Structures are given as structure tokens and as C-alpha cells.
Amino acid sequence: MSIILLNLNNLVIIEIIDPPSNIMHFLENEYYYLTKQKNTSINPDVRITFKSDLEVIASAVIVSSPVGYDYQGVFFFDRLNRIARIDFSNFSKSTTEIIVDINFNPRFLSIIIEYLLSNKLLAKDGCFCHASAIKYKSKVLLFPAWRHVGKTNLLLSFLEDGARVIADDGVFIFKDGTILPYSKCIHLLYYNFKEFPKLMDQVDISTLSLFEFVSNARQGIYNIDKGFIEDLQKKITRRFSFSDVSKIQHLPQEEKIDYVFYLRKRNTRDINSLKIKLVFPPYDELAIKATETCAYEQTYFYLAYQTFCFITGTRIDLLDNSKNKVECIHNNVFKNTIKSGELVFDNFIEHKKAKQLIKNFLIKN
Amino acid sequence: MFINIIDKICFSVNGKDGRVLEFIESEYQKNITDQPFDTISFHVDIVEDNKQPLKYILEPPVSYDEKGIFIFDTDHKILRIDFSRIGIDTYHVICDKNFNPDFIAIILEYLIHLSFVSRDAFFCHCCSFVFHNKTILCPAWRNVGKTNLLLSFLKEGAKYLSDDWCLIDKYGGVSSLPKRLNLLYYNLIQNSELLNQIDHNLIPLVEFFKRALKGQYDLKSDQMNTLKNSLKKRIHIYDLFPGQLQQHSKSIDFIFLLTKNVVNPERGAYITESDCSKTVIKINEILKFEQRPFRTAYNINKAITGTKNKFLEKHDESLNTLTTQVFRDVSNLYEVHVPDKNSTIRIKEEIIGLIT
């Protein structure tokens, strides 16, 4: 038996038993904190096991994609209808069992692992924060943001100036103001490659070809329908390890957060103000925004939990109160930094100006 | 114009002609007045508001622009809600004149429910009727078969309380809401003897669709979906079963919560006993699921503005208190395990067996 432990600083332990080779490979590329074990650990917070032929059956109820339930309980399903079962019973008290089809989508499994780490951490005063994070001139900067607001471009821009990457798409934050990365990958999309074309050197020929085609198509060269171009553009997505994008080596460790800059996409309500601005609303407002951003990233997890409540007629206090707890943690973190603010900017191309604004602010403070 | 909901809640409707106004006039035809009954809960302002294409979609059906968060339909028609004032003061709902009527029906129902929650009453997603002098509620997640079950009891002479939503007050009284039955293709097929009263023009379509279902015309799935979408009809209870409307019932005698039987579908429909705690959780989760577009919009509104609405934040707790208070006094709580939508007769017989 092959046992892999994902041990997040002894705060949350996920035991993964006999993962198929493709999933094993994916997890090794994706996570810090992985170790191989000979024996089963005593009480992991989560145990993931694998089975063959776990798929959506005809009598299953599809609640709303990607969540359903059948005679064995709640499950997530991927695009090929392969399933990962989750048992919420005693979620806050004992090991949560996840049973996954051997052909389940590895990326989706890593998202489920993210859900589990975050919600298991709640009991340890920590939670997931949808943010990128860097260390720049010995200061730790956290950039929470709604998806597609431009946090990866800002991070890549800071890397050009010698910043060290801590996390790209999400981190775990703790009430005492510390931060813990968990993934060693960065998720790159079309807009990232467009702004940082050097990254294209590392992609395969088919992605390169697609990128060039989409770039031309977006300029109207081929007179192709916009919706079709957008669909193709969504296919330009690659996960790189941090070592592929930064020469400065990163080691996962607890760090104290010094500054928070919540990134908000500028909308036309801000039209009369400067194009980019750094503002400092009350901490509790920022905490609400960041909490909703994180909650949105876990929509499917809560839909699965809601389904569990419906089919069993039972509830789990920890999960019922999770949003309040997450908000409380964010509030504490934002209050205890040197400064927490909001950076309002427009689309993906203003990352250089955004970076400069932050750098100027750091010099003054 | 003003819409008075059972003389307790009132909202105003003003603005341009279109699908929305037409829908509201049809749905609430007997509840339209020139004067408000009481304080107005909210104003529905019908305007022209659509965007094509949407620039920045957060999570369908929710997005935002310079005016704030909005909900959009499949044709990009827009509806905006002032979340900051709900439950606190009179607020505005601004909606495109051609916003999808089925969608605005759901949103209006939720807003009316919220107005009732502040008056210690709530909506329950169920069909309900009075049969043999017993008030029976059958809550269910969507598409489990509550309308077919209701129709089968109405054919036996039951009195109608609700098809989709009923109103329950904190003393357990059940009220019928002004709302048409929303009959979908499987309701029309299973109750084809009612088609003459519903709309005789549907008869050839139903007959054709029945044959198509058997594969006679070799239609593709998108063609079948087009037919399914054409096969729906909203009709008032007094037009379908005249004299069988009951406006109010003082208490609930039986609750049969319908759930999909995924454990053993071959066994057919069967009934098990339930308890108050489970019933409360399940009914509340059904309500929350039905409210998903609204809840998504409110959550995104919080993410954009960084502010909360105190009334909405307390909603789940208030609802839990109300439902617990009401359902703990109902002594007959059951769960009906439904294998499919064709089990109506069996379920009806099982229910009749229990109540008599």
C-alpha cells in the first residue's frame, strides 16, 4: 500500500491511499508538504481512497453541476461523469472520508483538497484566502481578489522586480496574521501570457499555436465570432511550478503578513476618479469583501454540504458558522497588518501602474 | 397599480408595457388594486434595461455594471434589486420590460417571502391541499412530482391550497397565495384529460409529443427540448377546478416530504416516518436552493460594496426559528420516497391509506 500524507504544518493532515500514478504525479507537482509513509497515520483529518468505476448512475439526482447524490450519498462529478464522494457526517469531529474514481480529474481533486484544507482549518483559526502573496523587500504583501481581476499579472510584475513568490491563487491565513502557502503552482491564462510573452517559451507547441491564433483572431483578422474566440481563449490555461516563473527559490513557511491590498476591478462608478487608486476603507468592509470572494471560490463545497443537509436532515455547526468564522479571521488579519487597503484598477493591463502605486506607497510608509 | 397579497403585503408596479407587465397582470389578476392595502414593501419599476453582450459576468445569472449588481436572463434582460433596504424600508426592484416572466416570478415570490418573514410568516415550497378535512402539505425539491400529486388529489375532490408555494404563519395556519399552477410537459401528458380546460390548442401538441417520446419521429434532443419548452401553461386554480380553492386552513395535519428515492428505485414509492428536526432542515434547504439566484446576487453585492443587510443576514436564523415553531406542533410527519414522476397514483394511494 502506498500512503501519501499532505501534512499542513500538523494543523491538517490528509492521508491519500494508493493514488493512481497520474494523480500521484499531479499531487507531487502541485503541493508542498507531501511525504510518503509506510504506515497509516492514526487520525488524519481527511482520508482519500480510490476505486474504479465510480461514476454518475442513472438513478442519481443531479442537484446542480458538479454536485449530485445517489444511494450512497453526496458526490462531486467531473466532466466525464467520474465521481468523488464526500461524507460530511462528523466533519468537525473525525476523519472525513473521500472516495474518488481512479480516473477522476486531478485538477478538480486538488480543488476538493483545497475545500477540505480550508474547512478543516477553521477549527485551528485559519482559513483559505483567495489571494496571491509575495515577499518584496522583506515585506509580505497579500493581494486578495475576485477571480480574473488581475492578481496573477500583478504578482508576475512584482517578480520582475525581484519579489519572491509565496502563492498565486490562494493561501491559508490565520487569525494571528500569519500566512501559509500550500500549492507550488501558478495558474496562467491567456491574459498572463499576453502580458508576459516570455512565459510562452515554456509552453508546448500546440498551446503556442493556439495562443498566436487567438491573438490574431482577437484583432479581427479572421472575422470569427467573438464567442467562439472566447471559448478558444479559455483553453489557453497552464499550471507552472513557481520555479518555472521565478529564479528565486521559494520555501513554504509561515510568514507574517505586513500589508494587504484587496484588488478590485474598477468599474464605471469610479469613472470620475483617477484611473488607479489606492484607498483605505474600514477593515470590516474589506473583510466582508474578502470573505465573499473566498466563499464564492467554495460555492461547490457549500452546495455539496447543502445537499448533505437535505438528504440526511442533519447539520454540522462548524460548516453552518464557517462564513462568520472566515470573516472574523479576515477581520483580525486586516486589522493587525501595518496597513490594509484596496487597490482599484482597470482590467489586466494596468498591472505595471498598479505595481508602481504600491511601491510608492511602501516607500512612503 | 398595487398588488395586495392576501391583504397583508403590498407592492407597487409601474412602468412600460411588455412581457413583465403582462405576466404580473395575469398572475395577480384578482389582487390588483388602485390603492395600496398597507405600507408598500417594494416598488417594481419596469423600464428598458438590457445589455448585449455583457462585458463582465461574475456568475450567471449575476453580474454588475456602473449601477451595481444585477440579475440577467438568457436574453440579457436585466433586473436590479436594492439589497441595502430589503426588510428595513421600502425598496426598489428595477426590471427590463421584457425580462423573462418565469424568472421574475421566482424573484417576486422570494421578495414577497422576505416581506412575510418580517411579519412572522414564511413561504414553504410545497403543494398543499385539504382532503377528508385534513390539511396536507407535500414539500419537495423541484421536479419530484408535487404538481402531478396535487392534480391527482384535486381530481378526487380535494381543496386546493398551493401548487408551488404556500404561506405558513407562526401559528401553523396555511394560506393560499395568488399564483397560477405552472404546468410543464410531464404534467400535461399525465393529465391530458384536463387539456380541454387548460388550453384545447395544446391537445395536438401533446399527442404529437407523446408519439415523439416513443421515438416515432426520430427527433433530435434539441428538437425534443424545443417541444418540451412549448408544452407549458400557467392557469389559475379557479379556471381549472372551479369551487375547489380554499384560501386558508388553520393548522397542518400531515406533512409528506417528497424526496427522490435513489436508494432502491425498483421498490416503487414508499413512505417512512420522519421527525421535526429532519423536516425543518430539509424544508429550509429546499427554500435556500430555490433562492440560489437571489442569494448569489446578494453575496456578490456584499463582495462589491463591503456592506451587509442586517435583515438578510438574520434571515436563515429567523426562518429556522419559525419553521421549528410551526413543525414541532405537527404530529404526522412523513417522508415519501419517490422513484420517478410516474408514481403519482401509488403515492396518492399510500397517502390516503395513512390519513384515513
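Which residues is I81(B) in contact with, leaving aside its neighbours within four places in sequence? In this predicted model, the partners are I71(B), I86(B), Y91(B), H92(B), V93(B), I107(B) and F294(B).

I81(B) is among the residues with the most contacts inside the largest nonpolar core, which has 234 residues. Its partner I86(B) is on that list too. So are F11(B), I168(B), F256(B) and F327(B), together with L142(A) from the other chain. Helix α2 of chain B, residues 101-117, gives the most to this core: 11 residues. A second core is separate and has five residues. It includes A60(A), F75(A), F77(A) and I83(A). In soluble globular proteins, nonpolar side chains tend to be buried together.

Now turn to the interface. Here 35 residues of chain A are in contact with 30 residues of chain B. The two chains bury about 2,900 Å² between them. Carbon and sulfur atoms account for 59% of that area.

Polar and charged pairs also span the interface. Eight residue pairs are in polar contact between chain A and chain B, counting pairs with both residues at pLDDT 80 or more. Three salt bridges cross between the chains. In a salt bridge between K302(B) and E292(A), the closest N and O atoms are 2.9 Å apart.

Which elements build the chain A side? Those giving two or more residues are the strands β5 (61-64), β6 (67-70) and β19 (259-265), and the helices α8 (283-297), α9 (299-312) and α11 (322-335). The largest share, seven residues, comes from α9(A). By class, this side has 14 nonpolar, 10 polar and 11 charged residues.

Methods
Residues numbered from 1 in each chain as written. Chains lettered and ligands numbered in written order. Predicted model: local features only at pLDDT ≥ 70, side-chain atom pairs only at ≥ 80, totals over all residues. Heavy atoms only, no water. Contact = heavy atoms within 4.5 Å. Buried area = accessible area lost by both parts, 1.4 Å probe. Salt bridge = Lys/Arg side-chain N within 4 Å of Asp/Glu carboxyl O. Polar contact = N/O pair within 3.5 Å; in protein donor to acceptor, adjacent residues only side chain to side chain. Helix = DSSP H or I, 4+ residues; strand = E, 2+ residues; numbered from the N terminus. Nonpolar A, V, L, I, M, F, W, Y, C, P; charged D, E, K, R; others polar. Core = buried A, V, L, I, M, F, W, Y, C linked by side-chain atoms within 4.5 Å. Buried < 20%, exposed > 50% of the residue type's maximum accessible area, 1.4 Å probe, protein only.
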